[in-house]
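Subject: Structure handover and notes

Hello,

I am passing on the structure we spoke about, followed by my notes on what turned up in it. Please look through both when you have time.

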Amino acid sequence: MSGRDPFCQPRRLRRGAALTLVFASVLVAGAATGSFDESVGKSAAGSDTLSAEDDTVTEAAARAMADGKSPMEAAERAVSRSGDRWSAVYSQGEYQEFEEALDGQYTGVGLSARRERDGRIEVTRVQPGSPAAAAGIRTGDRLRSVDGKGVDGRPVTEVVALLRGDADEAQAGTRVRLGLQRGAHRWDRELRRARLSTDSVSVRRLPDRVVVIRIAAFTKGSGDLVRRTVAEAPKGAGIVLDLRGNSGGLVTEAVTAASAFLDGGLVATYDVNGDQRALHADPGADTTRPLVALVDGGTMSAAELLTGALQDRGRAVVVGTRTFGKGSVQMPSRLPDGSVAELTVGHYRTPSGRGVDGHGITPDLVTDREVLKRAETVLSGLGAAS
């Protein structure tokens with residue numbers, strides 16, 4: 001497993017909550033929800049909602065507050081009894097961290113890394129302009145320790161938590177000391193954490209007029225960036241939309257991304273406490289541009305929603321392996337002490353009516369080998385490459 005330090009996993013996740021999940025392709029935990037970009041306590045349509053679970057959790061928190069006990073702990077017990085693995089309760093600070101992640105901001109040093117089979121933690125990317133870049137850390141360097149704590153054999157999420165200083169709720173400007181190794185040379189370096197921007201959307205061009213758009217997460221603004229990238233791609237160029245390891249994010253951003261490829265129409269349907277609703281793409285997209293979507297077992301939630309829409313409507317050939325299968329929708333509810341309960345209020349379906357939760361999406365071309373090369377071959381058959 002690999003990753004980076006933005007979207008660091010809130011501590012409560014490591015105690016069993018599941019608002020956020022570990023990204024499959026980056027050392028970071030990110031917003032892996034089907035979350036809507038709305039104010040706390042509002043539905044995607046902007047109206048107040050209160051599910052039976054919401055009511056139970058809120059009442060438990062209110063009773064605890066009246067009895068002089070912790071509303072947050074009471075809410076956690078109520079969520080645990082519900083048996084819903086996607087619902088979770090967060091402190092104000094933890095939920096703020098989650099919102100900042102969706103805003104595309106994080107506090108860290110700018111390292112991406114992965115754990116090798118022997119347990120070593122290896123740097124896989126250094127974000128330009130970050131404290132790690134200024135310190136001269138390079139791809140391929142080994143991370144041996146963080147503030148004197150050895151990281152060999154640790155889950156990457158724990159390494160991320162150390163880099164970000166989660167235990168102390170470290171802010172930008174705080175110091176963190178890294179033990180590093182390059183070849184036989186070992187050294188320590190002290191860095192200052194900084195507020196950095198994530199690069200949830202990256203673009204590269206391949207030969208034969210192929211543009212690869214990788215979306216690591218649906219953070220705020222990512223949908224518009226996808227639309228601009230597609231609009232600016234050379235005429236006739238094929239698009240590879242890489243959603244591998246994308247554990248979700250804001251549903252609204254996924255719908256905006258869909259609008260880069262669909263000329264209006266249905267993207268998905270979903271229910272909120274039994275009330276059926278629909279999500280539609282904006283009109284005006286070029287639907288003739290060849291498109292391949294890459295997915296894997298780390299493609300989740302909002303990324304599955306987008307994949308299902310493109311597949312059902314015949315807009316893209318989906319290549320890779322079966323997706324994760326998270327098709328539930330969470331919405332936030334503020335508790336009396338300021339903490340927030342993220343509770344499941346419904347499930348979404350693809351345009352053809354397929355349920356994703358627990359099933360995932362099966363690609364049109366199932367393969368786990370040379371996936372990008374397979375995508376280029378498919379695009380060639382669609383008329384994108386010569």
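In these notes, two strands are said to pair if DSSP finds at least two bridges between them. Please keep in mind that this is a predicted model.

I start with strand 9. In strand 11, Arg142 has Gln181 as its bridge partner, and this pairing of strand 9 with strand 11 (residues 175-182) is antiparallel, with four bridges. Arg142 of strand 9 also stands opposite Glu122. The pairing there is between strand 8 (residues 121-126) and strand 9, again antiparallel, over two bridges. Val146 is bridged to Lys149 of strand 10. Two residues lie between the strands of this hairpin, and Asp147 takes a positive phi near 50 degrees. Strand 9 itself (residues 142-146) is mostly covered, with four of its five residues buried.

Six strands make it up, in the order 14-15-16-20-21-24, and the pairing is mixed. Its edges are strand 14 (201-206) and strand 24 (365-366), each of which pairs on one side only. Strand 16 (residues 238-242) and strand 20 (residues 291-295) run parallel and are joined by four bridges; Ile239 has Leu291 of strand 20 as its bridge partner.

Two helices lie across strands of this sheet. Helix 9 (residues 371-382) lies across strands 14, 15, 16, 20, 21 (317-320) and 24, and runs at about 160 degrees to strand 20.

In soluble globular proteins, nonpolar side chains tend to be buried together. The largest core here has 43 residues, and those with the most contacts inside it are Ile213, Phe218, Val226, Leu241, Phe261, Val267 and Leu305. Helix 8 (residues 302-312) gives the most to this core, namely six residues. Apart from this core lies another, of 21 residues, which include Val123, Leu143, Val146 and Val159.

What is Val226 in contact with, leaving aside its neighbours within four places in sequence? The contacts of Val226 are Val201, Ile213, Ile215, Ala257, Ala260 and Phe261.

Regards

Conventions. Residues are numbered from 1 along each chain as its sequence is written. This is a predicted model: local features need pLDDT of at least 70, side-chain atom pairs count only at pLDDT 80 or more; totals for chains, interfaces and linings use all residues. Side-chain values use heavy atoms; hydrogens and water are left out. Contact means heavy atoms within 4.5 Å. Axes are lines fitted to C-alpha atoms, for helices over the stretch in contact, and angles run from 0 to 180 degrees between N-to-C directions. A nonpolar core is a set of buried Ala, Val, Leu, Ile, Met, Phe, Trp, Tyr and Cys residues joined through side-chain atoms within 4.5 Å. Buried means under 20% relative accessible area, exposed over 50%, partly exposed in between (1.4 Å probe, protein chains only).
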